[in-house]
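Good morning, and thank you for coming. Please look at the structure on the screen while I speak about its aromatic rings.

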Amino acid sequence: MAEITIIPAKNRSDEIIRTAAYARVSSDSEDQLNSFAAQIRYYTEMLQNSTNTVFVDMYADEGITGTSTAKRTEFQRLMNDCRKGKIDRILAKSISRFARNTKDSLRAARELKTLGVSVYFEKENIDTGEISSEMLLAIYSQFAQEESMSISRNCRLGIKKRMMDGTYKTATVPYGYDYSDGKVVVNKEQANIVQVIFNEYLNGKGEFEIAALLNSLNSAKPVSAKEWYPQIISSIISNEWYIGDRLLQKKYSEDTIPFKRKVNHGEKEQYYISSTHEPIISKEIFNTAQTIRKERVQIYYRPAVNKTYPLSRMIKCRCGSGFRRKKIRDHISWTCKKHDRNLSEKCDIKPIREKFIYDAFIRMFNKIQRHYNDILTPMQKQLERLYDENRTNSNQLVEIRKEIADTKQQIHLLTMLNLQGTLDSVYFTKSSQELDQKLVIAQKRLNASLDDEDKERLDDIKRLIGIFEKANPISEFDEIVFKQTVKHITVLSEIEIRFDLIGGIKFTEKLKR
């Protein structure tokens, strides 16, 4: 008869549990940033009397929304360290500090559980190491998500109330105005240009012509614009601000996560407030401009202008301008907007037939399809090597991370000495403040240094290889394949264009006429 030997279960209380802590604050204010160091002290004090626990590190994200984990670099670092087997247990103040998105909470908790890492949420008293914890986690995560939505709703209600009583202030003011001591005042130089725009419009000039005129006069541009564009002229002509009135809630946020901003086409209430500030033009001029605008829309614009085409917003000119689609006699062409606005002295590129661009893409695609192993695979290997080197050997990142680790260790040590009563209280307070500030600065430098462009480019190259592995040579233009592979097209001359593919790859093709 076989002999059976019972192997007793291990007593985990005898093992050293490597414990980390995660914190997140919803604002990047100095007070909130300083709480990182306070969190380190908190967890240091919590674990000081434990004989089987070692505090690994404090992971803390600053000033980043909790509705998604994608942009939380410290959270991602925590997950990566767990995958490397450096951590056994994670402490978090609450589920809402961990994530305010049910899907992200559950996904992270499940992955951590497969890695043998448990998460303890203090506020809810939930330990994901327990069998029944996932259901509780799902419930509490839903509560946290609802809390985030509730906060957003309350903010919107506050904004709505201020709109209704006329006390709402926008963060910025339109061209022609400035904020001075919290009040809207006229910017005289810009106001003169606004008056010129309306006068020229009433005298029969169109938006393209007015933009060209202002560019030729080198008139002061809006802060975010490189030059005057027809769209800017259009927005000025249609803006009620210039008669001293305000229309509020032109845009609104959706009620569900993620909170996307949308143009208000009547889905939400709007609030029109008269005589809120000094006007730049008269109501008679403004109303006349709106009448002219409606007449021109009816004459020149048809529903087809809203239709998008495979090359829409995809072509750039060497002069920096975009291309627009245009029917010339019996064929479709794409023409540089500057050239089309009779600015040939600034751009001499003539219209290019759409068929020639399509044919150039077909030739380029088939060349890569035949030789992608020789072109893309070596590039992938090189990028993988560079990415690994940059992530592991970057002197700047290594030094910053070392500084953060050293500062955290000093805070940890300082807290331990203070708990033992060996430090003077004045010295402890002063030293804590200095280390807090040092940690804040280092965290900011780290966030500024993190750059995922190499990773994105590597992912694009892999995606490109996958496309060409499955593809066959094409004989006709394929819009789906075009959109999957091409970021944009640059027109170098009337006989040569460049395809800028995903992954930063560029291919030049001649146009066969």
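A search of the whole structure finds 13 aromatic pairs. Rings of Phe, Tyr and Trp (its six-membered ring) pair if their centres lie within 6.5 Å; planes under 30 degrees apart count as stacked, over 60 as edge-to-face and the rest as tilted.

One of these pairs is edge-to-face: tyrosine 175 and tryptophan 228, at 5.3 Å centre to centre with 90° between the planes. The two residues are 53 residues apart. Tyrosine 175 is in the loop between α5 (133-164) and β6 (177-180), and tryptophan 228 in the loop between α7 (207-216) and α8 (230-237). Helices (H or I, at least four residues) and strands (E, at least two) are DSSP runs, numbered from the N terminus.

The model is predicted: local features need pLDDT of at least 70, side-chain atom pairs count only at pLDDT 80 or more, and totals for chains, interfaces and linings use all residues. Residues are numbered from 1 along each chain as its sequence is written, and side-chain values use heavy atoms, with hydrogens and water left out.

Next, tyrosine 358 and phenylalanine 477 form a stacked pair, 3.9 Å centre to centre and 15° between the planes. Tyrosine 358 lies in helix α11 (residues 354-393) and phenylalanine 477 in the loop between α14 (453-470) and α15 (479-485), so the pair ties together parts 119 residues apart in sequence.
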